[in-house]
Amino acid sequence: MPHLTSTGSTLRSGGTEQLGVGVPGYAHPLLTPAEWDRLSRPDTPLHWAVLTLDDGPGTRPDPHCLEAAGRLLGTRERALRGAEPENTVRASGGRLLGRIDLAFGSRPFGELITEARSCIDWYRVGGFYLDHCPAERDGLPAVRRLTSTLCALLADSDSADEGGGRMVLGHGTHPHPGYAEAADQLVTFRGPWTDYRWSQVAEWTAAYEPGRFAHFVHGVPRTHLEEAMRIARWQGADTIFFTDRDGAHGQIDPFSALPSYWDEFVSRIGPGISE
């Protein structure tokens, strides 16, 4: 039995929050067109998907990424137009996020903003996934400056919808608590199932709603999907990505493709998630 604790003042409900999927990164749409198509299926409980561009967006838009981005954006717009105001449907209405690699705080600010502008102008992203985000307190001022600037760029564009842009910090671990005020969502776990099933949640996360946290876990056996979802709920994460891929057999990134049990995974979560 996993050792799950919540030592803050607010105990997690252990199962009442509705989960949704965050897709942290994919292979290029030219190599995985069928997988990109599956994200646009009706009733897919997608919170967001990351458009990953090798070495940044480059000097010109990629036609294959333009096509994939357009399909996902069109699906979100149709879902939002058809939703009741009090129950905005996330299912089949997930945001497209641009990926920016912070290299743990080592990249120049101007370079990051240039990449962000290209993602907004070309692909109409509705937010950003800031990968390899620093987690220590000394990196917080620079991240706050960056997220504030990115939000302003999105506000001046036609990319963000009525809910505004979305900022997700890809720490992969529990960062300094101050980062919770610098973005909409923090990735507080990214790693293998063998670590996740025995993981413990940081005490300070109990002060925040579950929508503020995301967990990405690889190597999750099909037979342990329900257990993994219970852990996510108990630890206060409502955006998840679980996969049976584990990086073996020469696969570099286990999150670069959908799990073999994708259909079962999303059916267990269910459609119609309230925004």
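Which residue's side chain meets Arg41 in a salt bridge? It is Asp263, with N and O 3.4 Å apart. This is a predicted model, and the count of salt bridges in it comes to 13.

**The Arg41–Asp263 pair**

- Arg41 and Asp263 link distant parts of the chain, sitting 222 residues apart.
- Arg41 lies in the loop between helix H1 (33-39) and strand S2 (46-51), while Asp263 belongs to helix H7 (residues 262-269).
- Arg41 counts as partly exposed, because its relative accessibility is 39%, a value between the 20% and 50% cut-offs.
- Asp263 is also partly exposed, with a relative accessible area of 42%.

**Arg107 and its partners**

- You will find Arg107 in the loop between strand S3 (95-101) and helix H3 (109-123).
- The side chain of Arg107 forms a salt bridge with that of Glu111, at 2.7 Å from N to O.
- The Arg107 and Glu111 side chains also make a polar contact, again listed at 2.7 Å.
- Glu115 forms a salt bridge with Arg107 too, and here the closest N and O atoms are 2.6 Å apart.
- Glu111, by contrast, is partly exposed, with a relative accessible area of 38%.
- Arg107 reaches the backbone as well: its side chain comes to 2.7 Å from the backbone oxygen of Asp101.
- Leaving aside residues up to four places away in sequence, Arg107 touches Ile100, Asp101, Leu102, Leu112 and Glu115.

**Strand S2 and its neighbours**

- Why is S2 described as largely enclosed by the rest of the structure? The reason is that 6 of its 6 residues are buried.
- On one pairing, strand S1 (residues 20-23) runs parallel to S2, and 3 bridges join the two.
- Within that pairing, Gly22 has Trp48 of S2 as its bridge partner.
- S2 also runs parallel to S3, joined to it by 4 bridges.
- Trp48 takes part here as well, standing opposite Arg95 in S3.
- S1, H1 and S2 together make a right-handed β-α-β unit.

**Putting the pieces together**

- The loop that holds Arg41 runs between H1 and S2, and both of these elements belong to the β-α-β unit.

Methods
Residues numbered from 1 in each chain as written. Predicted model: local features only at pLDDT ≥ 70, side-chain atom pairs only at ≥ 80, totals over all residues. Heavy atoms only, no water. Salt bridge = Lys/Arg side-chain N within 4 Å of Asp/Glu carboxyl O. Buried < 20%, exposed > 50% of the residue type's maximum accessible area, 1.4 Å probe, protein only. Polar contact = N/O pair within 3.5 Å; in protein donor to acceptor, adjacent residues only side chain to side chain. Contact = heavy atoms within 4.5 Å. Pairing = 2+ DSSP bridges. Right-handed = clockwise from strand over helix to strand, strands pointing away.
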